[in-house]
Amino acid sequence: MQSELGGADVLINNAGMMLLGPFSSDQHGDYSPMVQTNLLGAITTTEVFLDQLRGGGGDLINISSVAGRTARPGNAVYAATKWGINGFSEALRQELQPEIRVTVIEPGAVATELTDHITHAETKAGAEKMYAQTAITAQDIAEVIAFAVSRPHTVTLNEILIRPTAQAG
């Protein structure tokens, strides 16, 4: 496929799961899938595309979360995966520059299917209510990413925190 379409210029690691709930053995089944998807998925995908990005002086965009900066009750493992993405991104930024620009995007509430998969009923209801009241659109995030990658290659927007104006934390 690379021979037909050419190499990747931009990699956006966006796959994620947000399985919130109190930390307990009742939620244990949520932990491994979150770590596998949110952290190891980004690491593996980056590994696969790294040579293509190097070949073209590309951009690596890792989607983290506000939870990668601020942990809260009920998001311990989710926050751990997002703090991991932030650390992964910063280490790669230092290692891969100036050939590859690394940007971490840390969105707050975005209207996606993330809340649909929360298994803890009380937490799910609270998250759905908050998202219904405050969430911004995926298009908002896409526009910020487009802005970041369109900067001259001598400029890197390393971290971009994006919250809905009405989001408290």
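How many residues does helix 2 have, and how far does helix 2 reach from its first C-alpha to its last? Helix 2 (residues 28–56) has 29 residues and reaches 42 Å, close to the 42 Å expected at 1.5 Å a residue (the expected span is 1.5 Å times one less than the number of residues). Keep in mind that this is a predicted model, where local features need pLDDT of at least 70 and side-chain atom pairs count only at pLDDT 80 or more, while totals for chains, interfaces and linings use all residues. Numbering starts from 1 along each chain as its sequence is written, and side-chain values use heavy atoms, with hydrogens and water left out.

**Helix 2**
- Helices (H or I, at least four residues) and strands (E, at least two) are DSSP runs, numbered from the N terminus.
- Helix 2 has a kink of about 50° centred on F49; the bend at a residue is the angle between axes fitted to the seven residues ending there and the seven starting there.
- Among the buried residues of helix 2 are D30, Y31, M34, N38 and A42 (buried means under 20% relative accessible area, exposed over 50%, partly exposed in between, with a 1.4 Å probe and protein chains only).

- Four strands make an open sheet in the order 1-2-3-4, with parallel pairing; two strands pair if DSSP finds at least two bridges between them.
- Strand 1 (10–13) and strand 4 (159–162) are the edges, each pairing on one side only.
- Strand 2 (residues 59–63) and strand 3 (residues 101–107) run parallel and are joined by 5 bridges, with I61 opposite T103 in strand 3.
- Helix 2 packs on the sheet, touching strand 1 and strand 2, and its direction makes about 180° with that of strand 1. Axes are lines fitted to C-alpha atoms, for helices over the stretch in contact, and angles run from 0 to 180 degrees between N-to-C directions.
- Helix 5 (residues 138–149) packs there too, touching strand 1, strand 2, strand 3 and strand 4.

**Cores**
- A nonpolar core is a set of buried Ala, Val, Leu, Ile, Met, Phe, Trp, Tyr and Cys residues joined through side-chain atoms within 4.5 Å.
- The largest one has 14 residues, and M18, L20, M34, Y78 and I118 have the most contacts inside it.
- Helix 3 (76–96) is one of the elements giving two or more residues to this core, and helix 3 gives the most, with 3 residues.
- Beyond its neighbours within four places in sequence, Y78 is in contact with residues including M17, M18, L20 and M34 (contact means heavy atoms within 4.5 Å).
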